[in-house]
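Please find below a note on the model under review.

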Amino acid sequence: MITYAQQNSEEQMDAPPQAVDDHIAPAPRVSVQAFCETVETAAAVQSAGEDRRLAKAHLKIQMGGMAAAIEAYRSAPTPNVIILETEGRGDILAGLDQLATVCDAGTRVVVIGRINDVTLYRELVRRGVSDYVIAPATAIDVVRAVCNLFSAPEAKAVGRIVAVVGAKGGVGASTIAHNVAWAIARDLALDSVVADLDLAFGTAGLNYNQDPAQGIADAVFSPDRVDTAFVDRLLSKCTDHLSLLAAPATLDKVYDFGAEAFDAIFDTLRTTMPCIVLDVPHQWSGWTKRALIAADDILIVAAPDLANLRNAKNMFDLLKASRPNDRAPLYCLNQVGVPKRPEIAAAEFAKAIESQPIAAIPFDPQIFGSAANNGQMIAEISANHRAVEMFLQMAQRLTGRGETKKPRGSFLSPLLEKLRSK
């Protein structure tokens, strides 16, 4: 019998498909081989292989279904995951029995079939199948099936990465990132970390009034040492729920990195922190592009002028195309209402980008300047400032927490309301 891990429950057989922006943990470096019978399924698997959550997986697609898989593994070792598309009930069970004779122990199998039947599902589970996906399968169905194989139910939830980047230099993206992270930690009581990725000129240490001896540079330049304990030592505690992975903000080194330089750091932070806010510098390189595409949610910060509009649209379009199975990037306008400065209205931004900004933060040099110079957040300087509520709303959107729920009334509430109105 094939020794695979059971991942599904019987209720999933008739469950509705999940939303596109569900938080799915990325898969580790694994080998995946798919044997498809239809070009539609092959296309869906190919699209899944281009998803950011399977970026580390090595995917190979072949046609021929179950018969091709059995023949292929007579003389070759099996991969970590096999995806099989098959038709009738008898074909599935008989084929799995044959596959068991040539399959290596520990390989996991995902079956894509057209029969939606609990009895069949029980037979598949009895034979050790890890997951059963009802055809026609979409790319996100395949992504979810593969990724869930490596997310044990008892494991701690994988942290959510939120990337904040400016459409242009000087638009206040770092200030927005730091204040939103503050709101996530304070108002949503979610343990969070801010990772300042601008190693040469980062301002997170100044804005949080921190001057740690170590920070993110120690991890980048020592990739072999990166693990949970090492990264934990580099974190600087800002509040009970907020930590900082600070940038050195010095020029004694040249900070040129490969595209995968920060992967180990992000993967480690995901295992220890529910929320990671990346303060991404305004530059376009392999690693900044990779960090943005790999994030769970993206916030683009733009000022209301033409250059910002052009850049924001370019970034929005590229990131949306690169992440077809994710929620589209979000954007906000900052420094709105500078005296005597011609500005592009929010409606024009929305028309060009085909999406509404989630906030339009007013230009207030007095409050924002005082906060920056004092190493404080806006909420600490002026708790009732209208930007504070905007930061909270952005924090809710970016973490998927939604608005604060009102106390739930009893089933008698509607009747009592009618009696009060009389």
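The numbered points below take these topics in turn.

1. This is a predicted model, in which local features need pLDDT of at least 70 and side-chain atom pairs count only at pLDDT 80 or more, while totals for chains, interfaces and linings use all residues. Residues are numbered from 1 along each chain as its sequence is written, and side-chain values use heavy atoms, with hydrogens and water left out.

2. The largest nonpolar core has 47 residues. A nonpolar core here is a set of buried Ala, Val, Leu, Ile, Met, Phe, Trp, Tyr and Cys residues joined through side-chain atoms within 4.5 Å; buried means under 20% relative accessible area, exposed over 50%, and partly exposed in between, with a 1.4 Å probe and protein chains only. The members that touch the most others are L197, I216, L245, F262, I265, L278 and I300. Helix α12 (residues 306–322) supplies the largest share of this core, five residues. Helices (H or I, at least four residues) and strands (E, at least two) are DSSP runs, numbered from the N terminus.

3. Beyond its neighbours within four places in sequence, L278 is in contact (heavy atoms within 4.5 Å) with I161, V162, A163, V164, A195, L197, F266 and A291. Another core, of 44 residues, lies apart from the largest one; its members include L244, A303, F368 and I378.

4. There are nine aromatic pairs in the structure. Rings of Phe, Tyr and Trp (its six-membered ring) pair if their centres lie within 6.5 Å; planes under 30 degrees apart count as stacked, over 60 as edge-to-face and the rest as tilted. The Y255 and F257 pair is tilted, because the ring centres are 6.5 Å apart and the planes stand at 40°. Both Y255 and F257 are buried.

5. F257 also pairs with W287, and this pair is edge-to-face because the centres are 6.4 Å apart and the planes are at 75°. F257 lies in the loop between β9 (242–245) and α10 (263–272) and W287 in helix α11 (residues 286–294), so the pair ties together parts 30 residues apart in sequence. W287, like F257, is buried.

6. One aromatic cluster is formed by F221, Y255, F257, F262, F266 and W287. Over the face of F221 lies K253, at 4.3 Å from the ring centre; the criterion is NZ of Lys or CZ of Arg within 6 Å of the ring centre and within 35 degrees of the ring normal.

7. Is H58 buried or exposed? H58 counts as exposed because its relative accessibility is 57%. H58 belongs to strand β2 (residues 58–63). Leaving aside neighbours within four places in sequence, H58 contacts V30, S31 and V32. The C-alpha atoms of H58 and V32 are separated by 6.0 Å, although the two residues are 26 residues apart along the chain.
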